[in-house]
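Dear colleague,

I am handing over the structure below, and after it you will find my notes on what was found. Please read them with the coordinates open beside you.

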Amino acid sequence: MRNKKNIWVYTSILIGMIVLLWSGCKKGSNSVGTTTAVFNPELTYGTMTDQDGNTCKTIRIGNQIWMAENLKVKTYRNGDLIETTDPSTLSISNVVNPIYQWPGLNDESSVVTYGRLYTWYAVNDSRNIAPEGWHVASYQEWNTLIDTLGGVNTAGGKLKETGTTHWISPNTGATNESGFTALPGGLRDPGGFFYTNGQSGNWWTATESVSQKAWHAYTDGVAGYLLLLDSPESVGYSIRCVKD
């Protein structure tokens, strides 16, 4: 696959992860800003309303219409609650089919900006996590987005919110010229740890790679790339939906 053929990109990842780990040690996990996202003022956004009544900005990118904010819902389309853990840091490493959600940054007040983190099992649930008329973007739909934005090496920068209010410095390549306004919601690992807040953005696709692993999109604050990687399905990542 093309994103696995860019050797220099993977070199950048190794360097980037060192920087992220170093900066993560310096910064507390709740030290990133929770102010409102900065959307591209030169573009025209639409809006949609999800099943919980949250209003979300939308943006056309090429032939696709994307949510311009991370998903925030606590319910499925049929009204059933998406479970969470008590406490939020409870390990789910030994849970079979862990269908859960948590507030981004492990802080309910941050949801308005960063949305929520979900396991892939919630993405795949038949009750449908996506709002009516929308769906969680597939691997191929993310690849289409990457192609529209010029390839893996620059797509991340064209998606990322500009500045360093939410992203760590230097937020390399960030222009948000697409209007996507990608934010670094970090992740929750199965052991119950929330980390890389302010440092990386991770979004589930609707597509499995192999058994118990699924594809997700990844970018960070030290590079402008956007990669499609696979992860265990019990990791908590952000979600972006695309219009049906």
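The model is a predicted one, and I begin with Thr 119, which, leaving aside its neighbours within four places in sequence, is in contact with Ile 92, Pro 98, Ile 99, Tyr 100, Trp 102, Trp 204, Glu 233, Ser 234, Val 235 and Gly 236. Thr 119 sits in the loop between strand E5 (116-118) and helix H3 (120-123), and with a relative accessible area of 0% Thr 119 is buried. A polar atom of the Thr 119 side chain lies 2.6 Å from the backbone oxygen of Pro 98.

Turning to charged side chains, the count of salt bridges comes to five. One of them joins Arg 116 and Glu 108, with an N to O distance of 2.3 Å; Arg 116 counts as buried at 4% relative accessibility, whereas Glu 108, at 46%, counts as partly exposed.

Another pairs Glu 69 with Lys 72 at 2.8 Å, N to O, and here Glu 69 is buried at 13% relative accessibility, while Lys 72 is buried at 11%.

The side chains of Arg 127 and Asp 125 also meet in a salt bridge, at 2.9 Å from N to O. Asp 125 has a relative accessible area of 14% and therefore counts as buried, the cut-off being under 20%, whereas Arg 127 is partly exposed at 30% relative accessibility. Through salt bridges that share partners, Asp 80, Asp 125 and Arg 127 are joined into one network.

How values were computed. Residues are numbered from 1 along each chain as its sequence is written. This is a predicted model: local features need pLDDT of at least 70, side-chain atom pairs count only at pLDDT 80 or more; totals for chains, interfaces and linings use all residues. Side-chain values use heavy atoms; hydrogens and water are left out. Helices (H or I, at least four residues) and strands (E, at least two) are DSSP runs, numbered from the N terminus. Buried means under 20% relative accessible area, exposed over 50%, partly exposed in between (1.4 Å probe, protein chains only). A polar contact is a pair of N or O atoms within 3.5 Å; within protein, one must be able to donate a hydrogen and the other to accept it, and residues adjacent in sequence count only if both atoms are side-chain atoms. Contact means heavy atoms within 4.5 Å. A salt bridge is a side-chain nitrogen of Lys or Arg within 4 Å of a carboxyl oxygen of Asp or Glu.
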